[in-house]
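Hi,

Here is the structure I promised to pass on.

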Amino acid sequence: VPYSGVGCGPLGATPPCAGLRRIAAVAEARRCRESRACFSGGANYGKELHEMPMDLSMRGVSKRFGAFTAVDNVSFDVEAGKFFSILGPSGCGKTTLLRMIAGFCDLSSGSIMIRGQDMAGVEANKRPVKLVFQHLALFPMMDVKENIAFGLRRRGERGSAVRKKVEDMLERVGLPGFGDKRISQLSGGQMQRVAIARCLVLEPVVLLLDEPLGALDLKLREHMKVELKKLQNEVGTTFVYITHDQSEAMVMSDYVAVMNQGHFEQIDTPQNLYTNPATSFVAQFVGETNKFTGRLDADIAGRFFIGLDGGIQLLVPKPSNLQVGEEVELFVRPEAISLSSDPAPSHNAGNRIPVVARAVLFDGGNSRVLCVIEGTSNEVIARLPHNRPNDIKAGDRLFVEWDPIRSVCFQGAGVTPYAGL
């Protein structure tokens, strides 16, 4: 079984030692709390905020390198015991933000509070946070138990108490009996667990993770996403995770902040980011989507639409903050689009467009069909119907249909991720 050795025991199989009681208590409290919003900038910001214990708060944080602003006036709160991810493209400022939380990088302005304590002037080794590096930074000359015990010994702990903490932490991360193994004997997933255990044994208030799955192969990365989420649920420590991989952020996180050019575009649950993006950038960066641009217009029946080349009109949801005549962008997900070879429209189709299939993009259950709207250069990607996976081929003349309520519309020409590549 591929990667069967990555998880070598159930998480949380053994009760924690005395030094880890706080972690267990946080986990129990987390299981008892009702789910609620907790980050500034999100759709639910402010609701019951006064009742929530905050492990991390940032207010107006900026970082400038000369004339370049890497982080621009960022504010957010992270509730105790939550898994919070910062998602964005390379160069958006997310690693700089993480380094400021860890104390490796000074702020140009703003403040960072951990459990209500201002971190201004607090050195990195004195902060109640620990960082799992992208390349893990395990010590190859030490065995597993020595790697995990390193931080405990550095702060003066000795003897059987250290050994007990290390053994219990190995149990909690699913690696019982691995203490005497060398780092070179471990798989990629096991090394991930050791790196996390080395941090958690020090009982940080916040665990920072800098793209720790980036160096793993695809299959192991998919496996470790689930394992990492299970581990965080079990220990209850607050995780702040940065990544450019939307799948990692969406699968593991309670809340996700989408970062672009130094600022947060939106902070929300993964579900809301996907279904209710707040900006054009979020609509394009989170998940796959089709994009159409045109000028907003309305007919005498009060329906709103945009016009494409070839005289095609696409109905859009009733806009709340857009005016007729404005240039707009329309986004619709591939799974919202139906493919049909029947010339008769379905009852629920608001938009129906003739297309030509250009290619079938096979990807198992996520297979799609790349189409071109007849008479234009506009491309449309639709989910390949599961009931007819082999019936559609390049060159077929089809119709794409979708309900306008399944689309979102934004003003003007927004930023396109990776447009300069």
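Predicted model: local features only at pLDDT ≥ 70, side-chain atom pairs only at ≥ 80, totals over all residues.

Numbering starts from 1 along each chain as its sequence is written, and side-chain values use heavy atoms, with hydrogens and water left out.

First, the helices (DSSP runs of H or I, at least four residues; strands are E, at least two). H3 (residues 144-154) and H4 (residues 160-172) pack at about 125°, with axes 10 Å apart. Angles run from 0 to 180 degrees between N-to-C directions, and axes are lines fitted to C-alpha atoms over the stretch in contact. The pair is therefore oblique, which is the class left after under 35 degrees (roughly parallel), over 145 (roughly antiparallel) and 65 to 115 (roughly perpendicular).

Now the pockets (open sets on a 1 Å grid where a 1.4 Å probe fits, with protein on both sides within 12 Å along at least five of seven lines; lining residues have an atom within 4 Å of a point). Of its 24 lining residues, the closest to the centre are Asn 125, Val 129, Lys 130, Gly 151 and Leu 202. Strand E6 (129-132), H3 and helix H5 (188-200) each give two or more residues to that lining, and E6 gives the most, with four.

The second largest pocket comes to about 320 Å³. Its lining includes Tyr 274, Glu 288, Asp 363 and Arg 383.

Cheers

Notes:
Points joined across faces, edges and corners; volume = space filled by probe spheres on them.
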